[in-house]
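Good morning, and thank you for the time.

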Amino acid sequence: MENGRKASSLRWGILRRALIPSSSSTASDEQSEKGIKSITRKANQGFSLIPFRLVDNTKLEHKEVISPSLPKAKEACVCYTLPNHNATELFLYQRVDNRANLDDFKICNTYDIDNTGLVCSWPSEEVLAYHCLSQLDLFRSKRVIELGSGYGLAGLLVAAVTEALEVVISDGNPQVVDYIQRNINANSSVFGCTKVKSMMLHWNHEELSDISNSFDIIIASDCTFFKEFHKGLVQTIKCLLKKEGHSEAIFLGPKRGNSLDEFLMEVKESGLQFTVNEIYNSEVWRRHESFVNGDTSWPNYEKDHCYPLLIRITL
């Protein structure tokens, strides 16, 4: 309990500094800064499965938003080079300033959504993208939707290299959806005949009649952490999957305490079927074992919070 209170106090201190920036720091602020490494399990580069680099400012829509070291930049364009035979490149605009923004909180309250999609490209999204790259035939000539996509790396990869019929990349946060559309526009030349579009989709609020029974495959990563969205997410899956022929949802995410288990209970109670696979890709598992055995590139790596399990859900 004491450790929980300490971590909570550190988080509030970090949030305070984000909302009330000051040229001077207090002892409490300094302690919060020191505590960041002790309460975060996020890696700087995640599992490092897909190489990426910052694009120089001539590639950006607004040259002034980036500098070589990004000291004051609020967003950047990141180029991901896919490890396929064509070394396909995907360009993603995303934030690099992780300071909290009051406007973000207002939007979260207005739309009853979280802000995690704006923070960064999360490690589970990279693993989902990498997994999709190893399953190209699964998506060929199929209608695919990504839920809670954040900046949309996995959805963009599916659109670029799998010859899917259609890819919809969705999120419930309107700011995130704006980024998704920018990223679709930035990569339109690599989509071939695949139709790609962004969509504002809130699992708890949206009327889905226009797209119900429409998709062969749903993909998502790290979408089960917030328990208040479990029921809406499960009903969205059930509504979107095609009833005719084979259809499935492919989720990747860590256990995060009992959050994933409670989500799967909701899945079962809804009448959907599911399987859980721990070792689904040899390279992902190898890197996981490396972190467990002392690789320091991911501070505080812990399986329950960091290693994404593969969940496949069917009607």
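Arg143 stands opposite Glu166 in strand S5. The strands concerned are S4 (143-147) and S5 (residues 166-171), which pair in the parallel sense over 4 bridges. Two strands pair here if DSSP finds at least two bridges between them. Helices (H or I, at least four residues) and strands (E, at least two) are DSSP runs, numbered from the N terminus.

Let me state the basis of the values. This is a predicted model, in which local features need pLDDT of at least 70 and side-chain atom pairs count only at pLDDT 80 or more, while totals for chains, interfaces and linings use all residues. Residues are numbered from 1 along each chain as its sequence is written, and side-chain values use heavy atoms, with hydrogens and water left out.

To return to S4: 4 of its 5 residues are buried, so the strand is largely enclosed by the rest of the structure. Buried means under 20% relative accessible area, exposed means over 50%, and partly exposed lies in between, with a 1.4 Å probe and protein chains only. Helix H5 (residues 123-133) is also largely enclosed by the rest of the structure, because 11 of its 11 residues are buried. Among the buried residues of H5 are Glu125, Glu126 and His131.

Arg182 lies over the face of Tyr93, at 4.5 Å from the ring centre.

I turn now to a sheet. An open sheet of 3 strands has the order S1-S2-S3, with antiparallel pairing. Its edge strands are S1 (52-54) and S3 (89-95), each of which pairs on one side only. Neighbouring strands of this sheet are turned by 30 degrees against each other on average, direction ignored. Axes are lines fitted to C-alpha atoms, for helices over the stretch in contact, and angles run from 0 to 180 degrees between N-to-C directions. Helix H7 (residues 153-161) packs on this sheet, touching S2 and S3, and its direction makes about 160 degrees with that of S3. Helix H8 (residues 174-186) lies across S2 and S3, at about 155 degrees to S3. Contact means heavy atoms within 4.5 Å.

Within the sheet, S1 and S2 (residues 75-81) run antiparallel and are joined by 3 bridges. Which residue in S2 is the bridge partner of Phe52? The partner is Tyr80.

That brings us to the aromatic rings. The structure holds 14 aromatic pairs. Rings of Phe, Tyr and Trp (its six-membered ring) pair if their centres lie within 6.5 Å; planes under 30 degrees apart count as stacked, over 60 as edge-to-face and the rest as tilted. Phe52 and Tyr80 form a tilted pair, at 5.6 Å centre to centre and 40 degrees between the planes. The two residues are 28 residues apart, Phe52 in S1 and Tyr80 in S2. Phe52 is partly exposed, with a relative accessible area of 39%, whereas Tyr80 counts as buried at 6%.

Tyr151 and Tyr179 form an edge-to-face pair, at 5.3 Å centre to centre and 90 degrees between the planes. Tyr151 lies in the loop between S4 and H7 and Tyr179 in H8, so the pair ties together parts that are 28 residues apart in sequence. Both tyrosines are buried. One aromatic cluster is formed by Phe47, Phe291, Trp298 and Tyr301.

Next, the interior. In soluble globular proteins, nonpolar side chains tend to be buried together. The largest nonpolar core here has 80 residues, and those with the most contacts inside it are Leu147, Ile219, Ile237, Phe251 and Phe263. The largest share of this core, 8 residues, comes from H7. Such a core is a set of buried Ala, Val, Leu, Ile, Met, Phe, Trp, Tyr and Cys residues joined through side-chain atoms within 4.5 Å. Not counting residues up to four places away in sequence, Ile237 touches Leu147, Ile218, Ala249, Phe251, Phe263, Leu272 and Ile313.

Finally, the backbone. Ser48 has a positive phi of about 55 degrees although it is not a glycine. Ser48 is found in the loop between helix H2 (27-39) and S1, and is partly exposed, with a relative accessible area of 35%. Asn213 likewise has a positive phi of about 55 degrees without being a glycine. Asn213 is found in the loop between S6 (195-200) and S7 (217-221), and is partly exposed at 27%.

Methods
Lys NZ or Arg CZ within 6 Å of the ring centre and 35° of its normal.
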